[in-house]
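Hi,

Here is the structure I said I'd pass on. Have a look at it first, and my notes on the charged side chains follow below.

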Amino acid sequence: MNRDEFFNHLKDRVSPAGLDLIQKAYWFAKSVHRVHERDDGERYFEHCRRVALILVEHNLFAHETIALALIHDTLEDGHAPAGTILTYFGANLYK
C-alpha cells in the first residue's frame with residue numbers, strides 16, 4: 001500500500017486537523033525508520049503503517065490513536081530523541 005492509498009482510507013473519516021496530525025506522524029515515522037529493515041528485509045516503516053491500518057480496519061478513526069500507531073517505535077527502535085515526540089506531537093502522544 002502506498003501513501004495515497006493509506007490516506008484515501010482516512011479522508012472521509014477524519015477531520016482535516018486530524019489528517020494533518022496523521023500526515024505529520026506518517027512522515028516523521030517514515031523519516032526515522034528510513035534506514036531500518038525488518039528481519040525479512042522489509043522496510044521497517046511498513047510495520048508502523050500496518051499497525052495504523054489495523055485500527056482503521058476496526059473502525060477506530062481517532063486521529064491521535066492513528067498517529068500514535070505510526071510513531072509507536074520511533075523512540076525504541078528508531079532512536080528518535082524523546083523531546084522530538086513531545087515537541088512535534090504534544091504530551092498526549094508522548095505519554
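How many salt bridges does the structure hold? There are 4, where a salt bridge means a side-chain nitrogen of Lys or Arg within 4 Å of a carboxyl oxygen of Asp or Glu.

Before the details, a bit of housekeeping. This is a predicted model, so local features need pLDDT of at least 70 and side-chain atom pairs count only at pLDDT 80 or more, while totals for chains, interfaces and linings use all residues. Residues are numbered from 1 along each chain as its sequence is written, and side-chain values use heavy atoms, with hydrogens and water left out.

Glu 46 and Arg 49 sit 3 residues apart in helix α3 (residues 44–57), which puts about one helical turn between them; helices here are DSSP runs of H or I, at least four residues, numbered from the N terminus.

On accessibility (buried is under 20% relative accessible area, exposed over 50%, partly exposed in between, with a 1.4 Å probe and protein chains only): Glu 46 is buried at 14%, and Arg 49 is buried too. Arg 43, at 41%, is partly exposed.

Another of the bridges pairs Arg 50 with Glu 42, at 3.0 Å between the closest N and O atoms. Both ends are partly exposed: Arg 50 has 39% relative accessible area and Glu 42 has 26%.

Cheers

Conventions. Helices (H or I, at least four residues) and strands (E, at least two) are DSSP runs, numbered from the N terminus.
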